[in-house]
Amino acid sequence: MTASSARTNPFLTASSLPFQAPPFDLIREEDFQPAIEEGMRQQLAEVASIVDNTAAPTFDNTLVALEKSGTLLSRVLHVFSALTGANTSEALQQLQEHEAPRLAAHDDAIHLDQRLFNRVEAVYDQRDTLDLDSESRHLLDWYYDEFVRKGARLDAVDKAALKKLNEEASTLSTVFTNRLLAASKSGALVLHDRSRLAGMSDGEIAAAQRPGDDPGGAGKWVIPIHNTTQQPPLVSLLDRGVRRQLFEASWNRTEKGDANDTREIIARLAQIRAEQARLLGYSSYAAWSLENQMAKTPETALGFVRDLVPAAVANARAEADAIQKMIASRGEAFELEAWDWDHYAEQVRKQRFDLDEEQIRQYFELNSVLINGVFYAATRLYGITFTERHDIPVYHPDVRVFEVTDADGTPLTLFYCDFFARENKIGGAWMDNLVTQSRLLGTKPVIYNIANFSKPAAGQPALLSFDDVTTMFHEFGHALHGFFADQQYPSLSGTSVARDFVELPSQFNEHWSTETTVFANYARHYDTGEPISPAFADRIREAEKFNQGYRLTEVLAATLLDMAWHTLPAGEPLHDVDAFEKKALADNNVSLRAVPPRYRSSYFLHIWSNGYAAGYYAYLWAEMLDADAYEWFKENGGLTRANGDHFRATILSRGNTADLASMYREFRGRDPRIEPMLEGRGLRVTAEQ
């Protein structure tokens, strides 16, 4: 970097803002590439210093030195990741595709450096004589395993082959993400007749309205495509033809044979991953990926998932029968299809529980859910408090920032929330760090939550579905895991845990969305302020068990697709994506006409780009943990500080500093049971049936 750019690039020094929060008011798109390049250069120089050290390898001069390396690169990549996910642009996407293989090569330059691995291994071989504290010992084990799992023991020929595969996979994953975002944007359903939106609320219709294409035009209405297969408006749209159009726009978004088609990318990614696994000595990518997860093997994960299929499918079929009867009762004569399910399931739910989705939304105004629900529950459980900050720069006007203070008055973290959908935001919801907590580096966490709730028209309240409410509690559970991080080493901090454990805090936090005290505190009519009636609240809670056969089956179908792709052996030809998907669903007994997988292979962002390859089962595995954990809370008095402090001390604050199964046993007093999960879904059929 030139002296001039070095003086002006805001990434080159730690931020002077509270908690070292990114100075978004100073950051420009042109700052990223030089900072990333300089960050890689600096880290490789730091690694070279470790390797060239003539002193015998020690924990401090090797492992601690590695933990201190890459500070600049980490600083810029945290922000780059946030913006490319939540507020991207053509320039950022191009840079992302340019840097992806370079970053993969950078990672390989470290993990495949034989001299560096020799030093790590030398310390590892002395591990029983080093008198390390438990976190340091865990870090040593983690580093050794990371090097071995990334190919440190391979010979030069295989290392060269692995590097090429890693670079290609990184590039393809990035291209996949960008194509998916473009496909979802271009796949939005455009209607030119307002009457075809019948069933949607006036507020939703107003939010969908866009100017006409011609000066005298009456306007048009755009229904954006969300990341999952099913789309929220399918619940309310009365016009069956429009419902089908919307469903097919979602289902086919990345399969149009155009520039945004992803099928050739994922077929090649699956092939690359199988070859990576072969080089590393594993039978499949799933075998490699699951080795350091709680499940340990694909056989264990698949056995767990397949045991749930009979109960889920049986309940889904029973639900389909009830929906078909509802259709017939209205004098309509057609077979239930995927684009009908949500609409008619809602009619069945109305009839069974006397509930109306639009009526429910009136009680879930976004700010009340956040302040009086999400934050309120966290204060009750953990004693933390929230103060909105208007002096912290943000990357978009929709973003809000809160300072979080611990029960003893200690500043804990900054929390950014960005809830509304935008065309330049990837679909879905997630949590991540802008700054990683580490006592070694003297940093506290800076955390953000992203969602894609529909933004209301100007002047209208942001009313949420109960699924949206659940999403907000879920992502905040991840945030809590980040807030309470208390690790010495950044590599072990906060949410840096196995995929099938990281969803425990998030899914556990969902339970508080329906807890009586919390629910009564936030569920108030947006206009009148009237609290929701206890009877109405009870019906909503009871209705949460409705349609669970469908909900579980769509997740199981996506999970089994993921495992089918990632248990492929090396050496197979490129697969026809649609044929492979059809066969995988049929072979796993989850091919139901009206119950499509939650994610189709061609837009399954989790597994092709977001780190959940062979790991989507983690949501179900963690659901077993979270339901069992919530059972402990109920057994011990529910929403209390004592219980919250116990969960914080044994789970939320521990990061990846111990064996995760042992960590759970320390919290619970035993291994988890699956029965609370099934009961929570209203599926009382045993998993063995």
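## The central sheet

F420 stands opposite F453 in strand 8. Six bridges join strand 6 to strand 8, and the two run parallel. The model is predicted: local features need pLDDT of at least 70, side-chain atom pairs count only at pLDDT 80 or more, and totals for chains, interfaces and linings use all residues. Residues are numbered from 1 along each chain as its sequence is written, and side-chain values use heavy atoms, without hydrogens or water.

Five strands make up an open sheet of mixed pairing, in the order 4-5-6-8-7. Strand 4 (385–389) and strand 7 (430–435) are the edges; each has a single partner strand, so one side of each lacks a neighbour in the sheet. From one strand to the next, the twist averages 30°. Strands (E, at least two residues) and helices (H or I, at least four) are DSSP runs, numbered from the N terminus. A pair needs at least two DSSP bridges.

## Pairing and cover

Strand 5 (residues 400–405) runs antiparallel to strand 6 (residues 411–420), joined by six bridges. Here V401 stands opposite Y416 in strand 6. Strand 7 also pairs with strand 8 in the antiparallel sense, over five bridges. M431 stands opposite N449 in strand 8.

Strand 8 is mostly covered, with eight of its eight residues buried (under 20% relative accessible area; exposed is over 50%, partly exposed in between; 1.4 Å probe, protein chains only). One side carries V446, Y448, I450 and N452. The other carries I447, N449, A451 and F453. Helix 17 (residues 466–483) lies across strand 4, strand 5, strand 6, strand 7 and strand 8 (446–453). Helix 17 runs at about 165° to strand 8 (axes fitted to C-alpha atoms, for helices over the stretch in contact; angles from 0 to 180 degrees between N-to-C directions).

F536, A537, I540 and A543 are buried in helix 20 (residues 534–543). They span an arc of only 130° around the axis, which puts them on the same side of helix 20. The arc is taken from directions between the helix axis and the C-beta atoms. The buried residues of helix 20 pack against helix 14 (338–353), helix 15 (357–361) and helix 19 (516–522).

Q93 sits in helix 5 (residues 90–111). Q93 is buried, at a relative accessible area of 18%. Leaving out residues up to four places away in sequence, Q93 touches T88, N178 and L181 (contact: heavy atoms within 4.5 Å).

## Cavity and pocket

The whole structure holds one cavity of 30 Å³ or more. The largest cavity contains about 70 Å³ of space. Its lining has 13 residues; A270, Q271, L568, E572 and P573 lie nearest the centre. Helix 11 (residues 263–279) gives the largest share of this lining, four residues.

The second largest pocket has a volume of about 370 Å³. It is lined by 17 residues, with W251, L585, S591, L592 and R593 nearest its centre. Helix 10 (240–251), helix 14 and helix 22 (577–587) each supply at least two lining residues. Helix 22 gives the most, with four.

On a 1 Å grid over the protein atoms alone, a cavity is a set of points where a 1.4 Å probe fits but cannot get out; a pocket is an open set with protein on both sides within 12 Å along at least five of seven lines; lining residues have an atom within 4 Å of a point. Points join across faces, edges and corners, and volume is the space filled by probe spheres on them.
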